[in-house]
Amino acid sequence: MKWLLAFAFLVFIVAGLGLWILKDSGHVEITWLGFEYQSTLVISFIVIILLLFLFIFTIRILFWIFKLPHRIKSYFHPSKESNADQKLLAFLTLYEAEMFTKSLVYQKKAAKTLSKNPLFLWFSGNLYCKTNNTLRAGQCFFELTKNPSTAFLGLKGAIELALHNSDFNGANSLLEEAEKIHPDSPWVLKQKLVIDREREAPQSSL
């Protein structure tokens with residue numbers, strides 16, 4: 001309804017201006033640096049509109065010409081984001097294929113642009129675990145714990161790393177932190193049971 005009223009008001013204004021111009025078309029005369037221009041108000045208005053459109057069109061053409069080298073370069077050279085995505089995909093594919101040595105090659109290439117990417121850090125940490133580089137794995141998981149949205153992932157990786165190193169006290173301490181984030185996590189409960197069994201094992205053997 002509002003659009004209809006606005007359109008009707010606009011038509012009324014345009015019709016009123018049209019009648020006024022037909023009744024008194026007016027006269028425009030410009031003298032500047034020896035140049036003289038004489039015409040009616042209607043023709044002058046049309047000329048101004050045409051010149052304005054010509055100006056806008058010229059500006060757009062100039063912008064298109066200035067951006068042409070960049071477009072040509074982008075066409076022949078993929079963007080950094082595209083290259084990073086391809087390296088990340090190759091890294092993850094080789095990781096899932098359990099070709100860890102080759103996966104490390106692409107992991108290092110992707111690290112140049114994705115060193116802060118949470119997904120990259122998570123898989124990098126797991127890859128370092130698979131290749132027994134516990135120091136680098138711990139660094140990746142620690143970086144994830146700095147961000148609240150990825151803290152659980154970082155703690156999970158650190159817990160599994162601690163269990164791998166038989167550091168049950170450290171793993172239990174990290175599990176308490178993980179439980180605060182997701183108290184109903186079945187994974188947390190399973191790891192607690194694993195730690196309890198490992199602690200009881202030496203006693204039962206005695």
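In the predicted model, the contact between helices α5 and α6 brings together Pro-118, Leu-121, Trp-122, Ser-124, Gly-125, Asn-126, Tyr-128 and Cys-129 of α5 with Thr-134, Arg-136, Ala-137, Cys-140, Phe-141, Glu-143 and Leu-144 of α6. By class, nine of these residues are nonpolar, four are polar and two are charged. Helix α5 covers residues 118-130, and its axis comes within 8 Å of that of α6, the two crossing at roughly 155°. Because angles over 145 degrees count as roughly antiparallel, α5 is roughly antiparallel to α6. The crossing of α5 with α6 is left-handed.

Helix α6 also packs against helix α7. The two helices span residues 134-145 and 151-164 respectively, and they meet at an angle of about 155° with their axes 6 Å apart. This angle makes α6 roughly antiparallel to α7, and the crossing is left-handed. On the side of α6, the contact is formed by Thr-134, Ala-137, Gly-138, Phe-141, Leu-144 and Thr-145. Helix α7 contributes Ala-151, Leu-153, Gly-154, Leu-155, Gly-157, Ala-158 and Leu-161. The contact of α6 with α7 comprises eight nonpolar and five polar residues, and no charged residue takes part.

Attention now turns to charged side chains. Side chains of opposite charge can pair when their charged atoms come close. The model contains four salt bridges. One of them joins the side chains of Glu-143 and Lys-146, with a distance of 3.0 Å from N to O. Glu-143, which is also among the α6 residues that meet α5, has a relative accessibility of 28% and therefore counts as partly exposed.

Glu-177 is partly exposed, with a relative accessible area of 38%, whereas Lys-180 is exposed, with a value of 63%.

The side chains of Lys-192 and Glu-179 meet at 2.6 Å, N to O. Lys-192 lies in helix α9 (residues 186-205) and Glu-179 in helix α8, so the pair ties together parts that are 13 residues apart in sequence. Lys-192 is partly exposed at 24% relative accessibility, and Glu-179 is likewise partly exposed, at 28%.

Ser-103 is situated in helix α4, which comprises residues 100-114. The relative accessible area of Ser-103 is 0%, and because buried means under 20%, this residue is classed as buried. When residues up to four places away in sequence are not counted, Ser-103 touches Phe-91, Leu-94, Tyr-95 and Leu-127.

Terms used:
Residues numbered from 1 in each chain as written. Predicted model: local features only at pLDDT ≥ 70, side-chain atom pairs only at ≥ 80, totals over all residues. Heavy atoms only, no water. Helix = DSSP H or I, 4+ residues; strand = E, 2+ residues; numbered from the N terminus. Buried < 20%, exposed > 50% of the residue type's maximum accessible area, 1.4 Å probe, protein only. Contact = heavy atoms within 4.5 Å. Axes fitted to C-alpha atoms, helices over the stretch in contact; angles between N-to-C directions. Parallel < 35°, antiparallel > 145°, perpendicular 65-115°, else oblique. Left-handed = near helix turned anticlockwise from the far one by under 90°. Nonpolar A, V, L, I, M, F, W, Y, C, P; charged D, E, K, R; others polar.
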